Amino acid sequence: MKALSHQKDPGYGCFTKAMVDEGAILVGKTNAPSFAFRGTCDNKMFGATSTPFKVGYNSGGSSGGSAAAVGDGILLVAEGTDGGGSIRIPAAWCGCYGYKASVGTIPATVRPNAFSLTHPYTWDGPLSRTVKDSAYVLQAMARFDPFDPVSLDRGERDFAAALDKPLKGWRIGFTPDFGIFPVDPEIKDMVAAAAQRFVEAGAVVEPVEFDISRSHFELAEAWCRLISISGLESIEALKGGGIDLLRDHADDVPAEFVYWINDAYRRGYVDYNADDVVRTEIYDALQTAFQTYDLVISPVTACHPVPNVPGGITAGPTELGGEKVEPLIGWCLTYFCNFTGHPAASIPAGLSKDGFPVGMQIIGRRWADEDVLAASAAFERIQPWAKIYRVTAERNLR
């Protein structure tokens with residue numbers, strides 16, 4: 001009977017079930033963009049969510065309400081779902097820790113299409129104030145499920161014990177931009193300085209070059225095409241329940257979402273295959289780096305939090321450093337790991353001169369979650385960030 005209940009599970013549920021099983025108290029739902037289809041947190045029903053560090057500037061998305069609640073101290077841990085950076089982006093903009101696991105680590109038994117979370121890879125995961133809290137959540141969530149076609153049976157894994165793993169002799173590659181993204185100079189400098197702190201843990205930190213032939217705009221649009229397949233499945237499911245969202249309620253969702261869903265209806269197998277070729281190129285680029293390095297470090301986002309826009313339409317920038325940027329995800333250095341399945345975390349690297357939190361992304365080899373957690377814990381010991389919450393609380397109380 002247990003197997004049958006898994007088979008009928010219509011969605012994620014892993015975080016919620018794991019937390020309830022561990023005795024946690026569920027508080028409620030948090031804000032997110034419509035269909036999680038952007039890296040900011042805003043919608044026409046509830047409006048935008050702000051980063052706790054500066055009200056009126058966005059929390060990041062899609063799990064922006066979760067990250068803001070953790071960053072503001074309302075919650076100890078919160079759920080995120082990450083299909084392009086939706087855990088790591090708001091973690092960066094809200095000054096908390098966000099963890100996206102390797103493919104196959106956290107199960108999701110989605111029906112009727114069991115493979116719907118593979119284009120690109122999408123997972124539940126934790127947002128927390130400390131690395132240890134995320135490790136405990138991951139310990140509760142990680143398991144094998146025979147009804148998830150990408151779930152891996154790797155036996156018992158002790159993620160909490162990984163926090164004490166030494167980094168001595170590790171080789172870490174730092175990239176400010178993967179060779180293609182326009183990134184705010186302040187963010188580049190802050191993350192570069194943060195990456196060098198790993199030397200204090202005995203690691204070797206070196207620049208790593210990526211040979212990516214496609215532009216950041218082209219890659220971001222490939223992500224939009226792939227993730228819109230999941231949106232299309234949701235639209236069709238609503239139709240099955242008697243709700244034609246695009247016909248009767250298109251004004252209630254962002255115009256960009258409507259555009260990409262209509263684009264998904266027009267595409268065919270040749271287009272889908274072409275986007276998998278794009279994914280393969282990014283997979284090869286990361287795997288090439290991991291032939292030399294144990295970890296790759298980069299900024300999480302290319303810009304600081306953007307101002308919230310009235311009307312539920314807040315998006316990212318359309319231009320950075322004089323370059324055109326895709327506004328839904330193109331300013332995020334996160335979705336590569338959803339193309340490929342590598343584990344990645346967002347960790348606070350400090351506060352900008354204007355008081356915005358800046359996130360550092362730590363990427364590990366596939367299935368090397370313990371390495372990412374070990375590096376995260378080592379950095380937290382070297383450069384603890386708990387004091388940034390006091391700064392925020394004091395500012396908001398003025």
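Modeller: On a 1 Å grid over the protein atoms alone, a cavity is a set of points where a 1.4 Å probe fits but cannot get out, and a lining residue has an atom within 4 Å of such a point. The model is predicted, so local features need pLDDT of at least 70 and side-chain atom pairs count only at pLDDT 80 or more, whereas totals for chains, interfaces and linings use all residues. Residues are numbered from 1 along each chain as its sequence is written, and side-chain values use heavy atoms, with hydrogens and water left out.

Rolling a probe the size of a water molecule over the atoms shows where empty space is left. Here the count comes to 1 cavity of 30 Å³ or more. The volume of the largest cavity is about 100 Å³, where volume means the space filled by probe spheres set on the points, which are joined across faces, edges and corners. Its lining consists of V103, I106, A108, V110, A114, L117, T118, Y121, T122, W123, D148 and V150.

Most residues other than glycine have a negative phi, and most peptide bonds are trans. The bond from R111 to P112 is cis, with omega near 15°, and P112 lies in the loop between strand 4 (97–100) and strand 5 (123–128). Helices (H or I, at least four residues) and strands (E, at least two) are DSSP runs numbered from the N terminus. A further cis bond joins G61 to S62, with omega near 10°; S62 is placed in the loop between strand 2 (54–58) and helix 3 (64–71).

Two phenylalanines carry a positive phi. F35 has a phi of about 55° and sits in the loop between helix 2 (14–21) and strand 1 (50–51). For F178, phi is near 55°, and this residue is found in the loop between strand 6 and helix 6. Buried means under 20% relative accessible area, exposed over 50%, and partly exposed in between (1.4 Å probe, protein chains only). F35 is partly exposed at 34%, whereas F178 is buried at 1%.

How values were computed. On a 1 Å grid over the protein atoms alone, a cavity is a set of points where a 1.4 Å probe fits but cannot get out, and a pocket is an open set with protein on both sides within 12 Å along at least five of seven lines; lining residues have an atom within 4 Å of a point.
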